[in-house]
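The entries follow in the order in which I looked things up.

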Amino acid sequence: MTYTTAIEIREKLCDALVAYFLNENDKLGLGIETRRIHDICKILIAGNEETSNTFPAWEISEQTIFDEYRNKEVEIMDYLHLVSIDPRKKFGQYATPKDIVTRILKSVGYISAKDILTKRLIDPACGSGAFLVEATRLYLNALKVARVPRHGWYPEVIAAITGIDIDPEACFFARLNLSTLLAPSILEFISRNGTGNLRPLPVYCADTLQVVSSEKKNSPLFYGRPTIQVRERFDFVVGNPPYFKIKNIGQDIKDAFSESIYGHPNAYALFIQAGIEMLNKDGRLGFIIPRSMLSGLYFKNLRNFIEINTSIKEIIHIADRKKVFDDVLHGAMILSLERNSSEEKKISISFVQSRKDIKDCDSTINVDAGKVMQHLNGTSVWFVADSAKVYNIIDRVIKRHHLLSGQEINYRAKTGQIVWNRVKPLLATKPEE
């Protein structure tokens, strides 16, 4: 069995991409020279990151990797399923199943229709490109319906679809996936325009949070040229942001995301604020995130930020905690919102048992936003329930009964097991009032 390094795997995948383009070239009868096909593929997958051997300690055979990509269950070329769980946990990386990708795009209104041709979409944590590929498929269908000739598809797509990821190998695979999908239109573009106007696919290797922070300080980072500019630039922000607690957070990030940080910041919370700031007015965001943000204390500032800056359009509660992502146990939900100051105050709430049921959300109810976003002692808490009757009960309980920790009762209420050293300030050696 032959084992290969990451650089060798890159080279073999590049060779495979060239072979794919050569085959497409023959089918289209364009007669583009082999040498030029090599040049085209190099340009397309070239990125701003340095070529490195950064795949996390791979020990996989060359045969295994290509067998994996021929497996019908692998929805895109995705290297995460070949990486051990520990490095994935470190960076909060989990591949997004296609059914969830499709549902999120639908929830933000990104459908194959003419109006998306004037819109821009970004995935700020794009990984291997699951959202980018599916969005591009929808965009290509819209181009077909609009009767745009195929040689015009490539420039339209690279102006409309953008991805960012901190992992250079993920960016490489995202470009590879997009190159495969766009091969016929790229070849026809080259046959008419030459390679002089060919640009790398817009998948940037960068820390999204740092990009937003730098732009807010008016010192944006660079991807060769031009500058990456993301704030208030997009009509759609979609994705599966990383989930992990950020340790030793830098002051620049603290300053940039101070409106949503409280206590220990989790990466996905900061990505939500970043995503909202990327939206144009009336732009839509759709993320799959943990359900912990509904009521967790660490997310109280984030909930407040969302309420001030957006209208929540949809929450899809996924009951199954075990089968949303591989090798991870998370209570997950899909959050869809719109950046505006709309007076519309209804939120669509859906419950599904598992991601297999995600396409058909039968138990959908429309609820007044004020019944979902309740305010308890100055803190916003979001309630997600599966019936209007439950919301009415919650509303009556909160509005008619004093809370233990409210001013009327003046008790400090806590839940969970009592660990003595955590409540030390409340302990005394002598009885007190």
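Predicted model: local features only at pLDDT ≥ 70, side-chain atom pairs only at ≥ 80, totals over all residues.

I first examined helix α11 (residues 267-278) and helix α12 (residues 300-309), whose axes come within 10 Å and cross at roughly 15°. Axes are lines fitted to C-alpha atoms, for helices over the stretch in contact, and angles run from 0 to 180 degrees between N-to-C directions.

Residues are numbered from 1 along each chain as its sequence is written, and side-chain values use heavy atoms, with hydrogens and water left out.

I then listed the contact (heavy atoms within 4.5 Å): α11 contributes Ala 269, Ile 272, Gln 273, Ile 276 and Glu 277, and α12 contributes Leu 302, Phe 305, Ile 306 and Asn 309.

Next I traced the sheet, which is open, has nine strands in the order β3-β2-β1-β4-β5-β7-β6-β8-β9 and shows mixed pairing. Two strands pair if DSSP finds at least two bridges between them; helices (H or I, at least four residues) and strands (E, at least two) are DSSP runs, numbered from the N terminus. I noted β3 (203-205) and β9 (363-368) as the edge strands, each pairing on one side only. Neighbouring strands are turned by 15° against each other on average, direction ignored.

Finally, I checked β6 (residues 311-318) and β8 (residues 346-352), which run parallel and are joined by five bridges. I found Ser 348 in β8 as the bridge partner of Glu 314.
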